[in-house]
Amino acid sequence: MDILQKERKLKELQSKIEELDNVELIKKIKEEIESYKNEAMSNLTAWDRVLLARHQSRPTALEYIKYMFDEFIELHGDRLYRDDKSIVGGIGTINGINVTIIAQQKGKTLEENLERNFAMPHPEGYRKALRLMKQAEKFRRPIITLIDTPGAYPGLEAEERGQGEAIARNLMEMAGFTVPVIAIVIGEGGSGGALALGVANKVLMLENSIYSILSPEGYATILWKDATLASKAAGVMKLTSFDLEEYGIIDRIIKEPLGGAHYNREETFKNTKRAILEELTELVKLQPFELREARIDKYRNYGFFQRFNYDNLGGVKR
Amino acid sequence: MNLSNLANALNQRKKQKQKFKVTRKRNYTDKSIDVPKGLYEQCPCCKETVNMKQTLENKFVCKHCGEHFKVRAIDRINLTVDPGTFVEKGLGYITLNPLFNEGYEEKINAYKEKTNIDEAYIYGYGELNGNPCVIGVMDSYFLMGSMGSVVGEKVTRSFEYAIYKKLPIIIFTASGGARMQEGIFSLMQMAKTSAAVLRHSDLGLLYISVLTHPTTGGVTASFASLGDIIFAEPNALIGFAGPRVIEQTINQTLPEGFQRAEFLEEKGFVDRVIPRSELKLTLSRVLRIHRRYN
Ligand SMILES: [Zn+2]
């Protein structure tokens with residue numbers, strides 16, 4: 001039974017209580033539900049977390065922005081082609097600190113999702129993000145990015161306008177900024193489309209968010225030729241926040257309330273805000289060139305391999 | 001003796017010294033180009049029977065239709081650098097299995113045997129018509145040329161070597177993208193290699209990226225698209241998403257020539273499409289124009 005089925009069962013039980021009128025019985029059943037909930041929601045599999053990360057009522061980026069920032073002014077367009085609504089960008093303040101905010105925005109309803117293209121950006125989205133981040137560099141504002149995307153949009157027009165180039169450019173330019181950059185994965189961190197906003201001094205992840213090279217479905221299709229093995233794929237892909245922290249890919253996990261972020265939005269936002277502020281106060285102590293070098297060095301060291309010292313073959317020794 | 005003459009003379013001397021150093025070390029030109037099994041094979045493009053020996057002499061290009069066949073990394077180096085000048089760097093890397101993927105090690109070992117290289121990327125020092133540079137080549141015969149930790153590390157090292165030697169770098173890309181078997185580590189190689197390009201670029205050094213068939217996924221979305229100058233071989237498939245994924249997404253067949261080198265040139269993402277026969281000359285001319293005398 002996965003997390004969504006458990007959720008449905010809990011809802012069923014809760015709706016049944018309302019039909020009762022015996023106070024004693026209601027109290028007893030409520031306690032039972034609570035203990036069931038505790039048990040059901042505390043031992044999550046990787047697949048459960050995938051489902052939570054994609055959950056219908058999971059808070060989206062704009063909700064985070066509305067709660068966490070004192071003010072936010074959205075800015076549109078990449079100045080080259082058009083405004084991509086799957087990426088929201090703008091300026092604002094968090095506890096009085098001026099920042100630039102870039103976020104991938106999912107929709108709540110089908111209509112919203114069509115407008116936001118299911119948070120799958122086109123090249124112009126990444127170019128808008130880059131434009132705003134370059135402004136942040138100019139005006140010495142820290143950059144905060146919220147990541148929540150299944151991936152960059154794999155469409156005909158996206159290719160025509162250079163999806164690969166747009167992502168590559170972001171990766172390179174983000175590495176070189178001399179202002180603090182904090183990236184937070186709030187839902188799905190899908191592949192290069194997520195990384196294109198994720199080259200940061202500190203990468204944070206919500207507890208039940210995921211970050212991976214491709215979707216578990218895609219992984220199962222490519223390696224096992226069977227998309228139905230997605231839940232098994234999620235288990236081996238190491239895409240949960242805990243796995244990634246262990247591997248040193250992310251710096252910090254932000255705690256979510258029991259059952260996922262949507263059970264207590266305010267608590268989630270509060271935790272996230274606290275984490276951002278703590279990281280920010282550390283980062284602003286660093287000199288501009290230190291911020292840049294630290295970021296490049298951080299990414300320089302990612303990799304999982306071994307090396308022999310081949311003296312006799314004339315390779316470069318370091 | 002004026003200043004530029006002096007610089008020329010110094011450079012000549014430096015080159016001679018380098019050449020002396022280089023020829024003592026292992027080089028690939030002693031090896032014969034490995035001929036495919038059959039002497040006569042059918043061209044996948046025009047379906048004509050082609051003499052493979054002639055094709056090799058023609059730089060792996062079909063005599064009938066001009067189709068550019070895929071080239072192994074070692075052959076590419078033979079086609080590109082001056083004989084006797086190539087010195088391979090960055091040897092001795094061992095691919096590991098971070099996700100404990102079943103059968104991954106065996107697969108890697110099988111490819112090692114088959115392709116005679118350690119991983120899908122080799123690099124080193126080389127000269128093109130006398131112009132020194134660092135040259136890196138991806139090999140699409142090695143697990144689709146996919147970029148895992150070792151490929152990402154070696155690409156990064158090749159840029160660092162170019163920085164250390166203050167040399168321009170040329171990279172021939174041929175890759176299916178990031179290597180799924182290594183999961184998130186492969187993804188991180190995109191950021192790592194892009195940052196390496198930045199450091200090289202910061203020093204005012206030249207990076208030429210040559211996109212060959214096929215260059216897709218995480219490689220297109222990182223160092224391949226970041227060259228100061230980007231060349232491509234005719235009819236090479238270049239893109240971020242694979243054609244099949246796009247067809248599934250938009251639910252229609254793609255137009256003829258979509259994501260091919262000529263298409264990218266038309267859309268403005270490639271500086272020039274250059275046939276293989278003229279590639280070396282063009283590269284060496286570009287290197288010469290970027291030569292620095294200080
Ligand atoms: Zn042919």
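Student: How far apart do the C-alpha centres of domain 1 of chain A and domain 2 of chain A lie?

Tutor: In this predicted model, the two centres lie 35 Å apart. Domain 1 of chain A covers residues 3–43, and domain 2 of chain A covers residues 48–312.

Student: How much area do domain 1 and domain 2 of chain A bury between them?

Tutor: They bury about 760 Å², with 61% of it on carbon and sulfur atoms.

Student: How many salt bridges and how many residue pairs in polar contact does the rule find across this domain interface?

Tutor: The rule finds zero salt bridges there. It does find three residue pairs in polar contact, with both residues at pLDDT 80 or more.

Student: Turning to the two chains, how many residues does the contact take from chain A and from chain B?

Tutor: The contact takes 55 residues from chain A and 58 residues from chain B. The area buried between the chains is about 5,300 Å², and carbon and sulfur atoms give 69% of it. In chain A, the residues that lose the most area to chain B are A:I213, A:R300 and A:F304, together 14% of what that side buries.

Student: Why is the meeting of A:R300 and B:E160 called a salt bridge?

Tutor: The term requires a side-chain nitrogen of Lys or Arg within 4 Å of a carboxyl oxygen of Asp or Glu. The side chains of A:R300 and B:E160 meet at 2.5 Å, N to O. That value lies within 4 Å, and therefore the pair is called a salt bridge. The count between chain A and chain B is five salt bridges, and there are 16 residue pairs in polar contact, both residues being at pLDDT 80 or more.

Student: Which element gives the most to the side of chain A that touches chain B?

Tutor: That element is α8(A), with ten residues. Elements that give two or more residues to this side include α8 (163–176), α14 (288–300) and β9 (305–307) of chain A. By class, the side of chain A that touches chain B has 31 nonpolar, eleven polar and 13 charged residues.

Student: Which backbone values deserve mention in the two chains?

Tutor: In chain B, the peptide bond from B:H213 to B:P214 is cis, with omega near -15 degrees. B:P214 is found in strand β8 (residues 207–215) of chain B. In chain A, phi of A:F118 is near 55 degrees, a positive value in a residue other than glycine. A:F118 has its place in the loop between α5 (110–116) and α6 (123–138) of chain A.

Notes: Residues numbered from 1 in each chain as written. Chains lettered and ligands numbered in written order. Predicted model: local features only at pLDDT ≥ 70, side-chain atom pairs only at ≥ 80, totals over all residues. Heavy atoms only, no water. Domains from an automatic or database assignment. Buried area = accessible area lost by both parts, 1.4 Å probe. Polar contact = N/O pair within 3.5 Å; in protein donor to acceptor, adjacent residues only side chain to side chain. Contact = heavy atoms within 4.5 Å. Helix = DSSP H or I, 4+ residues; strand = E, 2+ residues; numbered from the N terminus. Nonpolar A, V, L, I, M, F, W, Y, C, P; charged D, E, K, R; others polar.
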